There are 2 protein chains.
Amino acid sequence: MHTTPLYRQLADYYLSAIRAGTLATGDRMPSVRKLMQNHAVSLSTALQMCRYLEAEGWLEARPRSGYFVRQPRRIRLAPASEPRPATMIDPAQFVGIHERVSAIIAQGQRPVRINLARATGAPELYPHQQLRQLASSLLRQHPYLLTKAISPGGNRELKATLAKRSLDAGISTSAEEITITHGCIEALNLALRAVAHAGDIIAVESPTFYGLLQVLESLGMKALEIPTSPSTGISLEALELAMQTYDNIKAVVVVPHLQNPLGSIMPDDHKQKLVRLCEARQIPLIEDDSYSALASSDRIPTAAKHWDHTGNVIYCASLHKVLAPGLRIGWMLAGRWQARVNMFKYAQTRYNEELSQLIVATFMQSSNYDRHLRKLRATLSAQREQMAEAIATYFPEGTRLTVPDGGVSVWVEMPEQVSSKAVFEAALQKDILISPGLLYSNSNRFNHFLRLNCGTRYSDGLDSALRTLGKIILEARDATQSAAA
Amino acid sequence: MHTTPLYRQLADYYLSAIRAGTLATGDRMPSVRKLMQNHAVSLSTALQMCRYLEAEGWLEARPRSGYFVRQPRRIRLAPASEPRPATMIDPAQFVGIHERVSAIIAQGQRPVRINLARATGAPELYPHQQLRQLASSLLRQHPYLLTKAISPGGNRELKATLAKRSLDAGISTSAEEITITHGCIEALNLALRAVAHAGDIIAVESPTFYGLLQVLESLGMKALEIPTSPSTGISLEALELAMQTYDNIKAVVVVPHLQNPLGSIMPDDHKQKLVRLCEARQIPLIEDDSYSALASSDRIPTAAKHWDHTGNVIYCASLHKVLAPGLRIGWMLAGRWQARVNMFKYAQTRYNEELSQLIVATFMQSSNYDRHLRKLRATLSAQREQMAEAIATYFPEGTRLTVPDGGVSVWVEMPEQVSSKAVFEAALQKDILISPGLLYSNSNRFNHFLRLNCGTRYSDGLDSALRTLGKIILEARDATQSAAA
Ligand SMILES: Cc1ncc(COP(=O)(O)O)c(C=O)c1O
Ligand SMILES: Cc1ncc(COP(=O)(O)O)c(C=O)c1O
């Protein structure tokens with residue numbers, strides 16, 4: 001379905017040459033004219049390829065001399081630390097995340113010059129014009145859309161479209177099995193309410209996005225934080241150990257693809273094992289797949305739900321990050337708990353408004369959706385690389401980073417003694433908003449991390465903000481060092 | 001703010017003459033020409049007045065002879081029975097309403113010819129064209145509305161507009177105190193979650209709308225049903241008795257204006273007493289004011305919240321019945337629990353989409369909203385009267401009805417031995433959907449009631465459906481009588 005564009009094929013060709021050392025740092029690239037001749041491509045393809053490799057940090061343009069090979073600085077960044085599998089975080093620590101989060105969020109609610117705290121792309125990265133036109137034309141087609149009672153059970157067309165699109169993630173389902181929700185967050189609420197009660201323990205990844213910790217706290221449930229690798233996701237050994245240690249784990253919640261904040265992607269065999277493990281212990285698995293369409297691979301990663309044959313996996317997803325951050329369209333496949341989930345959905349918020357559902361359904365039925373995703377992935381990929389490059393350039397020694405294979409953010413590990421809270425506050429003074437690591441756990445374990453958004457086009461303003469951030473971190477490190485001395 | 005239109009003033013004038021007997025049944029009304037001369041009004045005002053009184057059942061047009069006074073048949077209908085104040089319904093009966101409701105709802109989900117089960121007006125009764133145009137123009141004004149991250153805390157303009165409009169209900173508040181929700185139903189969920197936990201007892205009106213009973217069941221809370229009068233609302237004596245009997249009542253939920261299903265409106269001194277009673281016992285009062293803008297009076301009734309000076313009243317409302325059944329815009333003033341409610345709202349569904357909020361805010365800022373409400377009230381009033389007239393004509397002896405002073409439905413008391421479930425099923429056979437009384441309590445006490453929607457223009461089809469319903473009820477009554485014999 002997704003064919004790689006010509007310039008990317010060409011870029012991959014030269015990238016392997018660079019990686020193999022065939023083209024070394026400082027070497028001159030073939031001229032654009034030569035590229036055109038050698039590969040029988042157009043001028044624009046040749047240029048696009050060079051600019052792409054430049055944006056990714058592998059080429060450098062020298063005025064009037066052409067492109068030269070370089071090593072991106074980010075290569076020098078060590079990957080983020082792997083967790084120690086045996087160190088679960090005690091569920092007794094579950095209270096208070098909301099207070100912590102809301103104190104941070106409250107400070108960040110005024111408009112800032114540079115907002116690096118978001119978990120979505122910039123508005124221009126989404127098909128705003130097409131969606132807008134669809135809205136107006138749907139309103140013309142359905143004159144009573146805003147004033148007629150909403151038809152029960154979620155829009156049928158949207159559910160059918162989502163069912164069809166799920167095939168790409170290896171999920172075979174039908175419209176009838178889908179529940180439309182207000183974003184993935186409502187889906188997670190419904191899933192948790194369906195399978196667990198106040199006081200129950202829920203196993204989650206650590207770090208995990210604070211939204212989930214807040215949901216658990218608001219429902220009176222306790223998060224048991226399971227060590228999670230920046231590259232392969234939740235540690236299955238640690239999870240198994242947890243299941244042996246605690247006998248009241250009532251659900252496991254994972255984000256298998258582009259985990260927030262790590263960006264990790266679970267290998268297929270891990271997902272399969274996870275599904276089996278939960279099934280064997282009769283513990284429902286809640287899969288949050290909000291980001292998978294943003295994975296850089298040409299294929300949408302296969303959902304854990306693919307390996308579920310007993311309805312034990314509750315699959316939750318959303319179009320909020322992928323298609324339209326201004327719309328609150330989420331959805332779920334609640335498996336064995338569908339009737340219960342539908343009951344809670346009806347009692348909690350009734351059905352979603354029809355217009356948004358129709359806009360999304362109509363857009364997703366066309367190839368415009370595929371085109372949008374391809375473009376979005378390519379843009380985000382370049383922006384992640386530029387961000388990583390800037391971090392390697394400006395942040396102090398000891399900074400570690402695993403650049404994820406997709407998504408809208410990077411998770412930066414600062415030198416251990418630096419507090420993300422202090423960095424958050426100092427950055428806000430300079431009108432820069434970041435998301436501090438201490439939000440991503442009920443413990444303080446991730447206080448020396450930052451999550452930075454890569455959803456905005458790289459600009460001089462952004463570059464200088466990152467330079468400023470680097471200085472702030474350096475000062476914070478030196479201050480604690482001299483305090484310790 | 002709301003001035004009574006001329007034709008209504010004139011109608012009131014003649015109506016008091018009819019009620020006083022000055023104009024008796026069979027008397028001929030002054031001719032239209034005479035009306036114009038006597039009252040110095042236009043032809044259209046004189047005609048409008050006559051047609052209005054005709055629609056209300058007080059005049060009858062005879063071809064070529066003019067209008068004649070009559071007694072509407074509905075005058076012969078006895079008012080609905082008053083409850084016995086001491087008979088609360090045991091909260092142990094709280095389980096199972098959802099199953100009951102969903103069995104009924106599932107049967108009624110296919111399209112039917114005549115739908116009398118709704119709690120909203122027909123789509124044409126709302127300003128569909130104006131709202132649609134607003135939607136398109138707002139999308140032009142804000143090109144990134146659908147793709148930019150939603151600004152936190154609910155749309156500021158909408159909140160300011162709602163705060164201003166609340167003055168009409170005697171509530172003095174500010175944008176900062178308002179929480180925007182997905183309909184009143186989410187507001188009720190948030191209010192209940194903020195003040196109570198699973199296992200707690202919540203005092204509610206009896207009968208009450210099943211949505212509330214479902215919310216309570218879904219949250220594991222127990223409904224204590226308090227007898228409620230079709231004319232004055234919840235019995236304060238019964239409520240006080242309940243508070244003495246049960247020491248774990250954690251909230252009282254009332255719909256003071258146009259209660260669903262009764263249509264009752266609490267007198268001001270009852271509301272005030274209720275607020276004091278709850279305050280004295282430190283029990284939060286949750287006021288659901290979804291319908292008050294549909295009251296026939298020229299003024300919006302004063303909210304119970306008006307008498308609240310300690311933040312003990314949580315006020316919940318919605319524009320779903322009043323302005324746009326296709327939109328899910330509700331809102332609340334959570335008083336002392338605002339921080340907690342906002343936390344739950346964020347964790348549960350995040351903020352509402354911006355477009356709907358802006359459409360509503362813009363419309364409510366203009367006098368179009370006042371015009372819409374005036375027209376809607378007049379239309380509904382005429383339709384309620386026509387419905388009552390048909391019920392008096394077609395339903396068997398022993399039928400009782402209190403026609404409410406506003407709203408979209410009437411609550412019909414059938415002869416005691418008739419089961420609303422049987423009537424529901426027989427009516428569905430004839431492609432008529434009604435809302436059976438057994439949905440409005442966890443007990444079977446209201447099984448001989450029906451709620452009928454008056455939101456659709458009276459038509460031959462509707463008339464014949466009501467005739468059919470009358471027959472069904474008669475047959476059901478006779479069947480049980482002969483079974484008993
Ligand atoms: C992993 C994850 N799940 C769920 C959500 C919430 O999704 P939505 O905006 O669709 O409610 C987020 C948003 O940050 C997220 O990162
Ligand atoms: C009394 C009452 N409250 C609340 C609701 C739900 O309101 P909304 O549609 O705004 O969620 C209804 C709907 O039937 C109702 O009758």
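**Entry 1: a threonine in a strand**

I count as strands the DSSP runs of E of at least two residues, numbered from the N terminus, and with that in mind I looked up A:Thr179, which has its place in strand 4 of chain A, residues 178–182. I note at the outset that this is a predicted model. Is A:Thr179 buried or exposed? I found that A:Thr179 is buried, because its relative accessible area is 4% and buried means under 20%. I then looked at its side chain, which is joined to the side chain of A:Asn342 by a polar contact of 2.8 Å. Setting aside residues up to four places away in sequence, I listed what A:Thr179 touches, and found A:Gly330, A:Trp331, A:Met332, A:Val341, A:Asn342 and A:Lys345.

**Entry 2: helix 5 against helix 5**

Next I turned to helix 5 of chain A and helix 5 of chain B, each covering residues 128–141, whose axes come within 10 Å and cross at roughly 165°. I call helix 5 of chain A roughly antiparallel to helix 5 of chain B, because angles over 145 degrees count as such. I also noted that helix 5 of chain A passes helix 5 of chain B in a left-handed crossing. Which residues meet there? From helix 5 of chain A I wrote down A:Arg132, A:Ala135, A:Ser136 and A:Leu139, which meet B:Arg132, B:Ala135, B:Ser136 and B:Leu139 in helix 5 of chain B. Sorted by class, this contact of helix 5 of chain A with helix 5 of chain B has 4 nonpolar, 2 polar and 2 charged residues.

**Entry 3: helix 5 and helix 12 within chain B**

I stayed with helix 5 of chain B and followed it to helix 12 of chain B, residues 354–365, where the two axes come within 9 Å and cross at roughly 120°. The two helices are therefore oblique to each other, and helix 5 of chain B passes helix 12 of chain B in a right-handed crossing. On the side of helix 5 of chain B, the contact is made by B:Gln130, B:Leu131, B:Leu134, B:Ala135, B:Leu138 and B:Leu139, and on the side of helix 12 of chain B by B:Leu355, B:Leu358, B:Ile359, B:Thr362 and B:Phe363.

**Entry 4: a threonine in a loop**

I looked up B:Thr399, which lies in the loop between helix 13 (367–394) and strand 12 (400–401) of chain B, and which counts as buried because its relative accessibility is 6%. Its side chain reaches the backbone oxygen of B:Pro396 at 2.6 Å. Leaving aside neighbours within four places in sequence, I found B:Thr399 in contact with several residues, among them B:Leu77, B:Ala78 and B:Ile391.

**Entry 5: backbone details in loops**

Where is a cis peptide bond found? I found that the bond from A:Ser206 to A:Pro207 is cis, with omega near 0°, and that A:Pro207 has its place in the loop between strand 5 (201–206) and helix 8 (210–218) of chain A. The bond from A:Asn260 to A:Pro261 is cis as well, with omega near 10°.

Last, I checked A:Ala40, whose phi is near 50°, a positive value in a residue other than glycine. I placed A:Ala40 in the loop between helix 2 (32–39) and helix 3 (43–55) of chain A, where A:Ala40 is exposed, with a relative accessible area of 68%.

How values were computed: Residues numbered from 1 in each chain as written. Chains lettered and ligands numbered in written order. Predicted model: local features only at pLDDT ≥ 70, side-chain atom pairs only at ≥ 80, totals over all residues. Heavy atoms only, no water. Helix = DSSP H or I, 4+ residues; strand = E, 2+ residues; numbered from the N terminus. Buried < 20%, exposed > 50% of the residue type's maximum accessible area, 1.4 Å probe, protein only. Polar contact = N/O pair within 3.5 Å; in protein donor to acceptor, adjacent residues only side chain to side chain. Contact = heavy atoms within 4.5 Å. Axes fitted to C-alpha atoms, helices over the stretch in contact; angles between N-to-C directions. Parallel < 35°, antiparallel > 145°, perpendicular 65-115°, else oblique. Left-handed = near helix turned anticlockwise from the far one by under 90°. Nonpolar A, V, L, I, M, F, W, Y, C, P; charged D, E, K, R; others polar.
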